[in-house]
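Here are my notes on the model you sent. Please read them with the structure open.

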Amino acid sequence: MKFNYTPELLAYMEKKNNHTVLVELVEIQNTDLEVIDLHVYLPHPRQREKFLTEKKYRRVETEHGEVLLPNYPLQIAEEVTFGLKKFLCFTSISHTGIKV
């Protein structure tokens, strides 16, 4: 599996001095409905350690940093691309190639 980063995301990661991408599994449970989705972001260093030690996330080394993946059967393509989305003053990380 190969992880690609857009130039905008690489510049943002350099600016934030954070080269870890966390793919977090978010579960929303309601009495009638259960939704599982992915939340992709750059974690704080303490949060990174918590996900590695307590939640036992897998660490995958990439050419530009690392990606932390949950121990959950995700559908991961051979090529995964992370990008940067901006809306007004808000930024988030987009992803293609990973599905729940």
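The numbered points below take up a buried charged site, a hairpin and a surface patch.

1. Basis. This is a predicted model, in which local features need pLDDT of at least 70 and side-chain atom pairs count only at pLDDT 80 or more, while totals for chains, interfaces and linings use all residues. Residues are numbered from 1 along each chain as its sequence is written, and side-chain values use heavy atoms, with hydrogens and water left out.

2. Glutamate 66. This residue belongs to strand 5 (residues 65-69); strands (E, at least two residues) and helices (H or I, at least four) are DSSP runs numbered from the N terminus. Glutamate 66 has a relative accessible area of 5% and is therefore buried (buried is under 20%, exposed over 50%, partly exposed in between, with a 1.4 Å probe and protein chains only).

3. Polar contacts of glutamate 66. Its side chain makes a polar contact of 2.8 Å with the side chain of threonine 20, and another of 2.3 Å with that of arginine 59. A polar contact is a pair of N or O atoms within 3.5 Å; within protein, one must be able to donate a hydrogen and the other to accept it, and residues adjacent in sequence count only if both atoms are side-chain atoms.

4. Salt bridges. The whole structure has four salt bridges (a side-chain nitrogen of Lys or Arg within 4 Å of a carboxyl oxygen of Asp or Glu). One of them joins glutamate 66 to arginine 48, with the closest N and O atoms 2.4 Å apart. Because glutamate 66 lies in strand 5 and arginine 48 in helix 2 (residues 45-53), this pair ties together parts 18 residues apart in sequence.

5. Further pairs. Arginine 48, buried at 18% relative accessibility, also forms a salt bridge with glutamate 49 at 2.3 Å between the closest N and O atoms. Glutamate 49 is partly exposed at 39%. Arginine 59 pairs with glutamate 61 in a salt bridge, the closest N and O atoms being 2.7 Å apart, and arginine 59 is partly exposed at 46%. Salt bridges with shared partners link Arg48, Glu49, Arg59, Glu61 and Glu66 in one network.

6. Strand 6 (residues 75-87) and strand 7 (residues 90-99) pair antiparallel over nine bridges; pairing requires at least two DSSP bridges between the strands. Lysine 86 has threonine 91 in strand 7 as its bridge partner. Two residues lie between the strands of this hairpin, where leucine 88 takes a positive phi near 55°.

Technical notes: Patches are made of residues with over 30% relative accessible area and no salt bridge: like charges are joined within 9 Å, nonpolar side chains (Val, Leu, Ile, Met, Phe, Trp, Tyr) within 5 Å. Accessible areas come from the Shrake-Rupley method with a 1.4 Å probe; for residues, only the protein chains shown count as cover.
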